[in-house]
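Notebook open, dimer interface first, then a couple of loop residues.

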Number of protein chains: 2
Amino acid sequence: MALKSFVEVSPDSHFPIQNLPFGIFKPEPGSTPRPGVAIGDYVLDLSSISDAGLFDGPFLSGSDCFQEPNLNKFLALGRPAWKEARATLQNLLSADEPKLRDNANLREKSLVPMGKVEMLLPIVIGDYTDFFSSMHHARNCGIMFRGPENAINPNWFHLPIAYHGRSSSIVVSGTDIIRPRGQGHPSGNTPPYFGPSRKLDFELEMAAVVGPGNELGKPVDVNEAGDHIFGLVLLNDWSARDIQSWEYVPLGPFLGKSFGTTMSPWIVTLDALEPFACDAPKQDPQPLPYLAEKISKNYDISLEVQIKPAGQEDSCVVTRSNFNHLYWTVTQQLAHHTINGCNLRPGDLLGTGTISGPEPESYGCLLELTWNGQKPLSLKGTTRKFLEDGDEVIFSGCSKGDGYNVGFGTCSGKILPSP
Amino acid sequence: MALKSFVEVSPDSHFPIQNLPFGIFKPEPGSTPRPGVAIGDYVLDLSSISDAGLFDGPFLSGSDCFQEPNLNKFLALGRPAWKEARATLQNLLSADEPKLRDNANLREKSLVPMGKVEMLLPIVIGDYTDFFSSMHHARNCGIMFRGPENAINPNWFHLPIAYHGRSSSIVVSGTDIIRPRGQGHPSGNTPPYFGPSRKLDFELEMAAVVGPGNELGKPVDVNEAGDHIFGLVLLNDWSARDIQSWEYVPLGPFLGKSFGTTMSPWIVTLDALEPFACDAPKQDPQPLPYLAEKISKNYDISLEVQIKPAGQEDSCVVTRSNFNHLYWTVTQQLAHHTINGCNLRPGDLLGTGTISGPEPESYGCLLELTWNGQKPLSLKGTTRKFLEDGDEVIFSGCSKGDGYNVGFGTCSGKILPSP
C-alpha cells in the first residue's frame, strides 16, 4: 500500500508525498523568501512548520535553517539532517497523521497554493562547474568539428571532463533570456563579425546540488561522494554556438555560455530518487582507482524538451532523453572535482553536461538535433535551425514509479531580442 | 612638496600616504575581521574611524560598510564613495591634520602595528575569471605546444581570451598550498598515470577587483569600465602543468588550476595607481568598436618573483616583469566580459593571466622560464625545473614615484607535499 498524503495529489502530479522536493518561495509578492517542499498543487512552508516546533528530531530541533532565504544552511547539515527532514515531512503530510491534517490554523498558514507563489533560486551558488559526461554528446560534437576518426578525445574515457562555469548568471526557471551579443567568425582569414548570436541553443542538462562539501586539500572518496549530493535539478545551459566556437581555443567556453543558465526551482533529493536507481554504463577502459566505485549508479529519469515557437500557442516536443545515458556518474564527477584538493561548498552546482541518448530523437541540443543547422527541425508549421527571438524552451523531467511520479516540474526560459 | 603623514613611513615602504590600499584584518587572533588601510608599518582600523564619525562626507556618513567583515559593501558603493574614502583618509592621516594626530585615545585604538595583525581575504569572491592577456606568454606557450608557425591562435588578437576560474579555492597570501594530485599523460597511447603533480608551477598575475558591477543583460561600455574597477592585487594562479595539459582539451583548464590561487591582502586602488598610468601597447588589428577605448592605458608596476627553495635561508629572484606588458587592458577585459550580458558583482576578480615580458628574464612562470623543464633554473646552489615541496614563492609589485612607492606588498605561498 503506497504512502498517501491528506493533501490531494493527482496521479500525474510530479509532487506526491514520495517526492517532497525542496525549494525557496515567496508566498506573496512582498514577503520574505523561505524554504518549502512541493506537495501536489501546494507548497508547504517550512518556516511555519519550524516555527510550530514540528522539526523535533535530533538534527533539526533548534536549527534555524528553515528560517533562511536559501537552502545553503540546510545543505551544510548533511545527509542525516536531510533524512530526518524528509522523514518528519512525510510523516506530517501522511493521511494517517493528524498533527497537521487536523490543525486548520497551521494548515492555513503553511500550505500555500502553488499557483500563488513565486519561486526563487533555491541556493546561493558559490561555484558552478559543468561536466561533459554524455558519450553521445561528446561523440556528436567531435564528429561535427573534428570528423569521425577522432570524434572523442583520448582523455574523455579516463576522466570526467569539465570546465568552471559562471555562477552570477544562473537564473530560476521562468526568467527571460536575452540573446547575447558577441564575436563570431565565419571561417578562414575573414575578420570576426560582431552582433547578436546567430546560433543560440539550449543544452538539456541536469545538475547535482552539493551538500556539506570538503575542506581545501581534502579530497572526497568516490564511495562517499553520494553523501555530498543533496539532490538534482534540471538545468538549461544556454549556449551561443557561434560565440563559443570562435572563443573557446585554447581555454574553453566563456561568453558563449555565461549570458545565462536556467535551473528548475525544485531540488529533488537523492533519497526520493533512490527507487529509480539503475546501473551506470560499464566503463571501458576501467577508470583509475580513485574513480572506481563499489556501486556505480545512475537514475532512470525521463527528460523531455519542448519548444514553443515565437507567436504560436502550442509547443512541440523536440527531444526525449534520459539521465541514465550519462557515462560518468555524478559521484565520479564529484570525486574527480576534489581529487586535486579543490574544495566544494554547500550550494555548489555540478552540471552533467548535455544529456544526449544514442538515437537522433534523443539528442540534447539543437547543435546535434539539426546537425549544426544543416537539418532544420520541423515544428508544426515552422522550422528551426537554432532558437529565434520569442521562442520558449521548456524542459521537464520525471521518474515513473508504481502509481506515482517523482518529477522535477519544468525548467523554462523565453528568448528576448538583443538590446 | 609631497603629501606626508604624521605616521612615520620609511622611504622604501610600499604603503605611504599616497597609497592607502584597503584590506581586511584581525587586530588580534580572537577579534572580528574588519576593514583597514595600510600606512607605513601600521594598519588603520576603519571600523574605529567610522565609529568615531570621521567618515562624514555625503557618500559614507551613515554607511555601515566599514563595520563589515569584507569590502564587498564598500565596493558596491562605487567610485564616488571610493574617492571620498580616500580623500577623508589622506586628510586624516596627513601631518597637518590634528583630528587623529592629536587624539591619543583614537590613535591607540585605530592604529595597529602591521606585525601584530592577521590579514584575511579582503573580499567575498562570487566569480573569478582568468584572462590570457600577455602576448609574450601566449606566444611562448604556443611555440612550446604547437610550434612557432601557429604560436598564437587567430582569435587572440581579436578578443581578450579568458576562462572561468574557481573561486572557492582562492586564498590569502601566506596560506600553504598543498601539491595537487591528479592524472597526467606522458605521450602517445600510454595510459594516464595518477599521483602528485610533477610539474607544479606559479603564474605571475595581477587581478582587478570589480566594484558596483552590472545587471544581467546590460553590458558595461568600455569607456566606462574603469568606474567598475576598484583596484588591483597580486595573484598567483598556481598551475599543475601535467594535469592541465592532459585535461584541457576541449573545455579548458580545470583541476590543473582549481587546487589553489593566492591573492595579496592589500587592494591598491586605481586612484592610487593613476600617477603611474602609461599608454597601453598599440593593438593591431584594431579591436572591434565595443573594445575600442578613447584612452587605452596600462600602469607601470614593476613585478618580481622570488623563490625560496626548500631548506634554504635565502630567496632568489627568478623573474622581473611589469604590468605594462599586457596587450589587453583591464578595462577591455571587463567590457568584453559583459558584452554578452554577463553580470559582474562587487568583489568579482578578473585575473590578467600570466604577465610575461619580451625577454627571457621577464617570463612569468616556470613553464616559460625553464622552457617546460628543458632548461632548469639555477638558484644559488640548487636548480629547479618546477616547484618542489617546501619551496616558497614570493611575488612583489611596486610603482616607483618621486620619493615614494605605491606598492602591493607581497603575495606568497609555500608548497606542502601531497597527502
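I started with one ion pair: Asp127(B) makes a salt bridge with Arg166(A), the closest N and O atoms being 3.5 Å apart. My rule for a salt bridge is a side-chain nitrogen of Lys or Arg within 4 Å of a carboxyl oxygen of Asp or Glu. Between chain A and chain B I get 4 salt bridges.

Ground rules: this is a predicted model, where local features need pLDDT of at least 70 and side-chain atom pairs count only at pLDDT 80 or more, while totals for chains, interfaces and linings use all residues. Residues are numbered from 1 along each chain as its sequence is written, chains are lettered from A and ligands numbered from 1 in the order in which they are written, and side-chain values use heavy atoms, with hydrogens and water left out.

**Interface**

I looked up polar contacts across the interface of chain A and chain B and found 30 residue pairs, both residues at pLDDT 80 or more. (A polar contact is a pair of N or O atoms within 3.5 Å; within protein, one must be able to donate a hydrogen and the other to accept it, and residues adjacent in sequence count only if both atoms are side-chain atoms.) The side of chain A that touches chain B divides into 30 nonpolar, 18 polar and 6 charged residues; Gly goes with the polar ones here.

How many residues does each chain bring to the contact? Chain A gives 54 and chain B gives 54, contact meaning heavy atoms within 4.5 Å. Together they bury about 5300 Å², 62% of it on carbon and sulfur atoms; that is accessible area (1.4 Å probe) lost on being put together, summed over both. His164(A), Leu251(A) and Phe254(A) supply 16% of the area chain A buries against chain B, more than any other three residues.

**Asn340(A)**

I found Asn340(A) in the loop between H9 and strand S22 (349–351) of chain A; helices (H or I, at least four residues) and strands (E, at least two) are DSSP runs, numbered from the N terminus. Buried or exposed? Asn340(A) is buried, at 3% relative accessible area (buried is under 20%, exposed over 50%, partly exposed in between; 1.4 Å probe, protein chains only). Not counting residues up to four places away in sequence, Asn340(A) touches Pro180(B), Arg181(B), Leu255(B), Ser258(B) and Phe259(B). A polar atom of its side chain lies 2.9 Å from the backbone nitrogen of Cys342(A).

**Pro309(A)**

Pro309(A) sits in the loop between strands S20 (302–308) and S21 (316–322) of chain A, and Pro309(A) is buried at 2%.

Conventions: Buried area = accessible area lost by both parts, 1.4 Å probe.
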